[in-house]
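Please brief me on this protein chain and its ligand.

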Amino acid sequence: MTAELIARLRADSEDQELGTVRRWQALHPGAPLVGYLPGHVPRELIYAAGGLAVGLWGAWPGLEIIQGDACFQSYICHLPRSLVEMAQRGLFADFAGLIVPSSCDVLRNLSGIWKLEGPRPWCFYLDLPQNFDTEIGGVFLRAELLRLATRLLGHAPEEPDLERVRAAIVLTNRQQDRLRCLRRWRRDEPQRVPIDDYLWLIRGALFLHPTEHIALLETYLETIAQGAGPPWRDSARVLLEGAFCEQPPAGLLKTIEQAGCAIVEEDLLLGLNWLEAPLREDGDPLDSLVEGYLRRTRTVPFKYQDARARRGTGATGSRGAGRRRDPCRPLVLRSGPARAPQPERGAAAGRDSLYTIPNYSEQSYQPLAVRELVGTFSDAIRLWSQEE
Ligand code: SF4
């Protein structure tokens, strides 16, 4: 049963025509499709406007990038090129708009190119504050959310609209709760949730409405809770960092797992999947969204603040870091997880930090090289980690 569910999610996720999104639109005539880019966009405002939020975190495998390459320098990441390519092919013609958060300069430039390249759905640049004081960054973000809500609704939000935002918060809280449950399974018994199952399940949040996504997650979680699952393999438990924006190919994650590393914590799709605690469901819903951004997220490269040590993963203190082949400013500026080992974070898990870096872009990686690199890494952990 889970195999069918995962196969369906994978097929939908790789569908070059965004068939799931189009089916939803056919069932909800007049409802807006609104795309958003990595990392954080308050999807609740889109759902409250009756729309479908569609996460655009890169292209499907095999998309040939031709026109997208013409818009960006060769040394930047792959993600904006594939989005331009998809736009040039008319994939977003039925979209009402696109929200671009201020995650990095590359995305900011993409929002400009979006406007320059002929008639397109509207593009909203969401300026997320880098000041986390409620009275400064909080006030600024609330004004941004009001501006966005006004764009989505076509008028300033009124009480019934705010009531719908509240309902959307309840819905996404439920979705986040199920995603956290899935992450707990991965952390505690990774053999019960293979990494590719995990990937397709979380990617479902990009193109399914939360009501449908929650139902699929619950079916999967109930099924694995009932089964005994395969026996534990002698894998090293590792953290995967640096995969928060441009997503690694599914094959890369599977290769890491097959080479003997169980990824028990990761930062895939961060921004969509970053809350550590539910959003407040009472009071002013815009204040709740603001407070969620300021106070309830995991440590993320999009927020330039001190990194907090990871705890409670049970990782062996060893880390694998995915890294795009191109420099990514949030990754570099944050705490350099893909540039240098951070012994203090290994120490937080109680061990020395071991470290390896498989490079990738959203379309490519070198399976054999990664397998050898990660296999050696995994052996090193098991042979020489400081077991007491
Ligand atoms: S991979 Fe890095 S540089 Fe590229 S769009 Fe994402 S955050 Fe920006």
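The points below are grouped by topic.

This is a predicted model. The protein chain has 14 helices and 10 strands. Of its 388 residues, 44% are buried.

**Overall fold**

- Four strands build an open sheet, in the order β2-β1-β3-β4. The pairing is parallel.
- β2 (52-55) and β4 (122-126) stand at the edges of this sheet. Each has a single partner strand, so one side of each lacks a neighbour in the sheet.
- From one strand to the next, the twist averages 25°.
- Within the sheet, β1 and β3 (residues 97-101) run parallel and are joined by three bridges. Val34 stands opposite Gly97 in β3.
- Strands of a sheet pair through backbone hydrogen bonds, in either a parallel or an antiparallel way.
- Helix α5 lies across β3 and β4. The angle between α5 and β4 is about 160°.

**Ligand shell**

- The ligand is surrounded by 14 residues. The closest are Cys77, Cys104, Val106, Cys245 and Cys328.
- Three helices each supply at least two residues of the shell: α4 (79-88), α5 (105-116) and α12 (329-334).
- By class, the shell has 10 nonpolar residues, one polar residue and three charged residues.

**Backbone geometry**

- Most residues other than glycine have a negative phi, and most peptide bonds are trans.
- The peptide bond from Pro38 to Gly39 is cis, with omega near -5°. Gly39 is found in the loop between β1 (33-36) and α3 (43-48).
- Leu18 is not a glycine, yet its phi is positive, at about 50°. Leu18 lies in the loop between α1 (2-14) and α2 (19-27).
- Is Leu18 buried or exposed? Leu18 is buried, because 22 other C-beta atoms lie within 10 Å and the cut-off for buried is 20 or more.
- Leu269 also has a positive phi, near 50°, and is a residue other than glycine. The loop between β6 (261-266) and α11 (285-295) holds Leu269.
- Leu269 counts as buried, with 22 C-beta neighbours inside 10 Å.

Definitions and conventions: Residues are numbered from 1 along each chain as its sequence is written. This is a predicted model: local features need pLDDT of at least 70, side-chain atom pairs count only at pLDDT 80 or more; totals for chains, interfaces and linings use all residues. A residue is near a molecule or strand if its C-beta atom, placed from the backbone, lies within 6 Å of it. Ala, Val, Leu, Ile, Met, Phe, Trp, Tyr, Cys and Pro count as nonpolar, Asp, Glu, Lys and Arg as charged, and the others, Gly among them, as polar. A residue is buried if 20 or more other C-beta atoms lie within 10 Å of its own, exposed if 12 or fewer, and partly exposed in between; C-beta atoms are placed from the backbone. Two strands pair if DSSP finds at least two bridges between them. Axes are lines fitted to C-alpha atoms, for helices over the stretch in contact, and angles run from 0 to 180 degrees between N-to-C directions. Two residues are in contact if their C-beta atoms, placed from the backbone, lie within 7 Å.
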